[in-house]
Each structure stands twice: as C-alpha cells, then as structure tokens.
Amino acid sequence: MKIALILQGGGARGIYTSAILDMFLTDKIHIDKIYAVSAGALNALNYLSNQKGRSKKAFKYTFKLKEFASFKNIIKKKTFVDFDYYFNEVPKTIPFDFETYTNSPIDLTVVATCIETGKPAYFNKSEFKDFIDCVKASSSLPMVSKPVEINFLHYQDGGDSDPLPFKKAIQEGYDRIIVITTRKLSYRKKTTHNKERMLTYKLFYKNYPRYMKALKISHQNYNKEFSFLMKEKNVFIIEPSESIKLKHLDKNDEKIDYYYNLGLKDYEKNKEKLRNYLS
C-alpha cells in the first residue's frame, strides 16, 4: 500500500494544516510521499524535519518581521515578501533540522507555475540539489514575490495552476491518498480579474502572456479541482469544520492559535476514520 499526502496552500491558513501534521507526527501516521503547494510546501519541510510545532512558531514569528514582508523590501530587494530571508535568517532564531529533513524517507514534490509557459511544474526533492529554491518558487505569490529561477526558467505560486495536486498522486500510483485543505470543500472562487487587476498584471508580466492567461483563469482551475475532488470516492479528506478567516500574512496571534486548535479538533474527529482508511 502506497500512501500519499496532499497539502493545499493558503498563506496563514496553513496554520490549520500544521496542527494536523503535528498530530501525524505524534501518532506516527505513515506517509510515503507528500505533494504540496505554497504554504503546504513550507509545512511539508517541517514535517520531514520531524519538528513538531516549528511551523506554528515560524508562522507567528515570521509574519511580524518587516525584513520578511514590507514595502521597504520593494525598494531594497525588489520584492514585498522575501523568501531568501525566510530560509537564510529565520532558522537562526527557529532552528531547522536540516539533517533530519535531508535523510527523511518521505518523498516530496512541490508544485510551482512556470511564468514562461503558464503550466504547472512538479519539483521532486530527490532530483534537485537546491530543492529549497523549488519551495520558494511554489510559495512565491504573483506581484508580491519575485519569480524564482530554476534551470533558466522562472516560477511562482503553484496554486495558480494546480492548487491541489491529488490527480498527480493518482497518476503516480498511490492507492491511499490523504488530502488536507485549508478551505471548506464547498468554497468556490470568484474571479477578481477585472480590468484594473489585469492592467496591474500587465505591468509585472507583460512579457509572459501565457502566465497572464493562467492568472486570469486560476479561479476556474481551483473550482474544477475541488469539484473533481468531491467526486473522488477513494480519497480521504480533512477539511476545516469552519471557514478559516485569516489574511494571507495574518499577524494576529490569537486568531492563529484559534485555527491551529481547530486543526487539532478536526484531526481528533477524523482520527479513527483515518486509521480505518489506512488499515
């Protein structure tokens, strides 16, 4: 039996996922491979490093740092959100067990969107020496983060092209698939790509028409993906029992704690069913 775990992104909403992953570590839930997007990829790193609670600490600490996200960064670094700072400086305060992460038997694939093609790219941990760059790419939101160059192409947030890569796990032969979402399954995105938004995209990506097209239809991709997911009978889904009302880089510790605890509660509700599914 091959078990895959699918992790949705969502910025601060990833705190919900981090709680469930902490319980996976506590209960020693066996996973063979993780497919992750954006904040899901950041959570996956801490899962592979076997550091219970690190994701929560990183969320609460990093989002408050001007060095990580601020308008000053735009002037100094040409990016609002600086993932170089996240990976190079934050571990000095919140240590990351790189050795355990490197030696983890769990395979990991993260999704990013190629801005030259507008298509999803799937980066596997075992195939890239500088895999952290792939995680940066998966997490880099359009316009607020600079694209990440990998093998002469440039990448941004994976959620724009494949927000929940459970189909990839099915294609690769996994017969037990666990999906953790950071939105309720019933949630559907509405387009925000009005004329003003598209003009803004053009300022940033006028040389990348395929990526602009991908951004324009990203809400459609999201809605189709979740419609397909709801029809899948052989996938085990853990969804929030209530809508997670957090801004993408929410700094409110009380709210972050609340949704972390929601993840703990939802895991407890699903624990026995999950064990039966995996048995």
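The side chain of Asp82 reaches the backbone nitrogen of Asp84 at 3.1 Å, where a polar contact is a pair of N or O atoms within 3.5 Å, one able to donate a hydrogen and the other to accept it within protein, and residues adjacent in sequence count only if both atoms are side-chain atoms. This is a predicted model, in which local features need pLDDT of at least 70 and side-chain atom pairs count only at pLDDT 80 or more, while totals for chains, interfaces and linings use all residues. Residues are numbered from 1 along each chain as its sequence is written, and side-chain values use heavy atoms, with hydrogens and water left out.

Asp82 sits in the loop between helix H4 (71–77) and helix H5 (83–88), helices being DSSP runs of H or I with at least four residues, numbered from the N terminus. Asp82 is buried, with a relative accessible area of 7%; buried means under 20% relative accessible area, with a 1.4 Å probe and protein chains only.

| Residue | Contacts (heavy atoms within 4.5 Å) |
|---|---|
| Asp82 | Glu67, Phe68, Asn73, Lys77 |
| Phe123 | Leu108, Thr109, Val110, Ala112, Phe128, Phe131, Cys134, Ile150, Tyr155 |

Phe123 is also one of the residues that touch the most other members of the largest nonpolar core, which has 81 residues, together with Phe24, Ile31, Ile34 and Ile178. Such a core is a set of buried Ala, Val, Leu, Ile, Met, Phe, Trp, Tyr and Cys residues joined through side-chain atoms within 4.5 Å.

Helix H2 (residues 39–48) is largely enclosed by the rest of the structure, because ten of its ten residues are buried. Just after H2, Asn50 takes a positive phi of about 60°.

How values were computed: Buried < 20%, exposed > 50% of the residue type's maximum accessible area, 1.4 Å probe, protein only. Helix = DSSP H or I, 4+ residues; strand = E, 2+ residues; numbered from the N terminus. Contact = heavy atoms within 4.5 Å. Lists of a residue's contacts leave out its neighbours within four places in sequence.
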